[in-house]
Amino acid sequence: MKTRITELFGIEHPIIQGGMHYVGFAELAAAVSEAGGLGIITALTQKTPKDLANEIARAQDMTDKPIGVNLTFLPTLNPPDYPAIVKTVIDSGVKAVETAGNNPQAVLPHLKDAGIKVIHKCTSVRHALKAQRIGCDAASIDGFECAGHPGEDDIPNMILLPRAADELEIPFVSSGGQADGRSLVASLAMGAEGMNMGTRFMATVEAPIHENVKQAIVEADELQTRLIMRPLRNTERVLNNAAVEKLLEKEKTLGDEIRFEDIIGEVAGVYPRIMLEGEMDAGAWSCGMVAGLIHDIPTVKELIDRIMEEAGQIIRGRLKGFLAGGMS
Ligand SMILES: Cc1cc2nc3c(=O)[nH]c(=O)nc-3n(C[C@H](O)[C@H](O)[C@H](O)COP(=O)(O)O)c2cc1C
C-alpha cells in the first residue's frame with residue numbers, strides 16, 4: 001500500500017508503532033520496522049543519552065529498515081536533558097522522530113537540519129494545525145479512545161479524523177483504538193494516510209514486556225479502562241486495577257484539593273515493576289479501549305500481515321461489493 005505516510009518514512013505499510021514507556025525497546029521497534037511498518041524506540045525510557053544511543057544501535061543491528069525515536073516533552077519542573085537526547089538521536093542516523101507532549105518547536109530546526117522527518121502526536125485539530133505551522137512533516141491524531149494521554153477535549157476519532165482531514169495539509173495517521181484491517185480501512189476512509197497503534201503492539205510475541213501484561217490486555221474488554229488525573233488536567237487512560245481504584249477513590253475524596261503528591265505512589269516510577277516484573281497492581285499503566293479488540297498474542301509480522309490482508313479484502317471485497325450493488 002502506498003500513501004503519503006509510506007512515502008514520507010520510506011516504509012512498506014502505513015502502520016506506525018507509537019512510543020511507549022518501558023515497552024518501546026529495540027526488540028519491538030526492530031520487529032515492527034522489519035515487518036514493513038515504522039517501529040519507534042521511546043527515548044525517555046533510557047536512563048541516559050548513552051543508553052539511548054546503545055538502544056538505537058541495538059535496533060539498527062536487528063533491522064536495516066527505517067526506525068524512529070519517540071521524544072516525549074513532559075510538563076515537569078526537572079526536565080530530562082533534551083538537547084543531549086536530540087543530539088544522540090541525530091548522531092544515530094535515525095530519520096524519523098515522533099514528538100509528543102509539549103510543543104516541539106525548540107528542537108524542530110535541529111531535527112530538520114539533520115534530514116529527520118517529524119510526526120507530532122496531537123489530541124486536537126488546533127494542536128495539529130500548530131504542528132503544521134511550525135514545520136512538522138506529519139501528525140498523529142490521537143482520539144479520546146487512546147491509551148495514555150488523550151488531552152482534555154474528549155473527541156473520539158470518528159469526529160477527530162474527518163475534522164483533521166478538513167483542516168490539515170500535512171499527512172496524518174489515526175491513533176487510538178486501532179487494531180486491525182477494519183481500523184486501517186476506516187482510518188483511510190476518514191482521511192488518514194495510515195494508522196498508529198500502541199496497545200495492540202504490546203500484545204505481541206516480540207514486545208519485551210512481562211507475559212502478565214500481555215495476558216491482562218487479552219483478558220480485558222473495552223469497558224476496563226479508566227481515566228485518571230483529570231482533576232490535575234493531565235488525564236491518562238489506564239487499565240483498571242487495585243492501584244487505579246485506590247487513586248480514583250483519592251480523587252473522589254480530595255476533589256479539587258488534590259495535588260500530584262497525593263497520588264505519587266500509584267503513578268510515579270511504577271512502569272518497570274509492571275512492564276518488566278509483571279506486578280499488575282503496582283500502579284497505573286496506560287492501556288486503550290482497543291483492548292476489547294485484542295484477543296491474541298501474534299508475532300509482529302503475523303499481526304501486520306494480517307492487518308494488510310484484511311484491509312485488502314475489505315477494500316476489494318466488501319466495499320467494492322456495495323458499489324456493485326451487492327449486499328456482502
Ligand atoms: C504502555 C503505554 C505507554 C505509552 N507511553 C507513551 C510515551 O511515553 N510517549 C508517548 O508519546 N505516547 C505513549 N503512549 C501512547 C502511544 O504511543 C499511542 O499514542 C497510544 O497507545 C495509541 O492508542 P492505542 O493504545 O489505542 O493504540 C503509551 C501507550 C501505552 C499503551
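This is a predicted model: local features need pLDDT of at least 70, side-chain atom pairs count only at pLDDT 80 or more; totals for chains, interfaces and linings use all residues.

Me: Which phi does Y22 have, positive or negative, and of about what value?
Reply: Y22 is not a glycine.

Me: Is helix 2 largely enclosed by the rest of the structure or largely open, and how many of its residues are buried?
Reply: Helix 2 covers residues 26–34. Its buried residues are A26, E27, L28, A29, A30, A31, V32 and S33. Helix 2 is therefore largely enclosed by the rest of the structure, the buried residues numbering 8 of the 9.

Me: Against which elements do the buried residues of helix 2 pack?
Reply: The partners include both strands and helices. The strands are strand 1 (15–17), strand 2 (39–42) and strand 3 (67–73). The helices are helix 3 (49–62), helix 9 (199–202) and helix 14 (300–323).

Me: At what angle do helix 2 and helix 3 pack, and what is the handedness of their crossing?
Reply: The axes of helix 2 and helix 3 are 9 Å apart, and the angle between them is about 35°. The crossing of these two helices is right-handed.

Me: Which residues make the contact of helix 2 with helix 3?
Reply: By class, this contact has 5 nonpolar, no polar and 3 charged residues. Helix 3 supplies E55, R58, A59 and M62. Helix 2 supplies A26, A29, A30 and E34.

Me: Which residue just after helix 2 takes a positive phi?
Reply: The phi in question is about 105°. The residue that takes it, just after helix 2, is G36.

Me: Which members of the largest nonpolar core touch the most other members?
Reply: In soluble globular proteins, nonpolar side chains tend to be buried together. The largest nonpolar core here has 95 residues. A29, one of the buried residues of helix 2, is among those that touch the most other members.

Me: Which residues around the ligand come nearest?
Reply: The shell around the ligand has 29 residues, dividing into 9 nonpolar, 16 polar and 4 charged. The residues that come nearest are G18, A100, A147, G198 and G288.

Me: Which elements give two or more residues to the shell around the ligand?
Reply: One of these elements, strand 3, also packs against buried residues of helix 2, as does helix 9. The elements giving two or more residues to the shell are strand 3, strand 8 (195–197) and helix 9.

Me: Is V125 buried or exposed?
Reply: V125 lies in helix 6. It has 21 C-beta neighbours inside 10 Å, and 20 or more make a residue buried. V125 therefore counts as buried.

Me: Which residues does V125 touch, leaving out those up to four places away in sequence?
Reply: The axes of helix 6 (residues 125–134) and helix 7 come within 10 Å and cross at roughly 35°. Their contact is made by V125, A128 and L129 of helix 6 and R163, A164 and E167 of helix 7. Outside its sequence neighbours, V125 touches R163, A164 and E167.

Me: How many other C-beta atoms lie within 10 Å of R163?
Reply: R163 is found in helix 7 (residues 157–167). R163 is partly exposed, and the number of other C-beta atoms within 10 Å is 17.

Me: What separates the C-alpha atoms of Q224 and N240 in space?
Reply: Q224 is found in the loop between helix 10 (211–219) and strand 9. Leaving aside neighbours within four places in sequence, Q224 is in contact with L239, N240 and A291. Q224 and N240 are 16 residues apart in sequence, and their C-alpha separation is 5.7 Å.

Definitions and conventions. Residues are numbered from 1 along each chain as its sequence is written. A residue is buried if 20 or more other C-beta atoms lie within 10 Å of its own, exposed if 12 or fewer, and partly exposed in between; C-beta atoms are placed from the backbone. Helices (H or I, at least four residues) and strands (E, at least two) are DSSP runs, numbered from the N terminus. Two residues are in contact if their C-beta atoms, placed from the backbone, lie within 7 Å. Axes are lines fitted to C-alpha atoms, for helices over the stretch in contact, and angles run from 0 to 180 degrees between N-to-C directions. A crossing is left-handed if the near helix is turned anticlockwise from the far one by less than a right angle, and right-handed if clockwise. Ala, Val, Leu, Ile, Met, Phe, Trp, Tyr, Cys and Pro count as nonpolar, Asp, Glu, Lys and Arg as charged, and the others, Gly among them, as polar. A residue is near a molecule or strand if its C-beta atom, placed from the backbone, lies within 6 Å of it. A nonpolar core is a set of buried Ala, Val, Leu, Ile, Met, Phe, Trp, Tyr and Cys residues joined through C-beta atoms within 7 Å.
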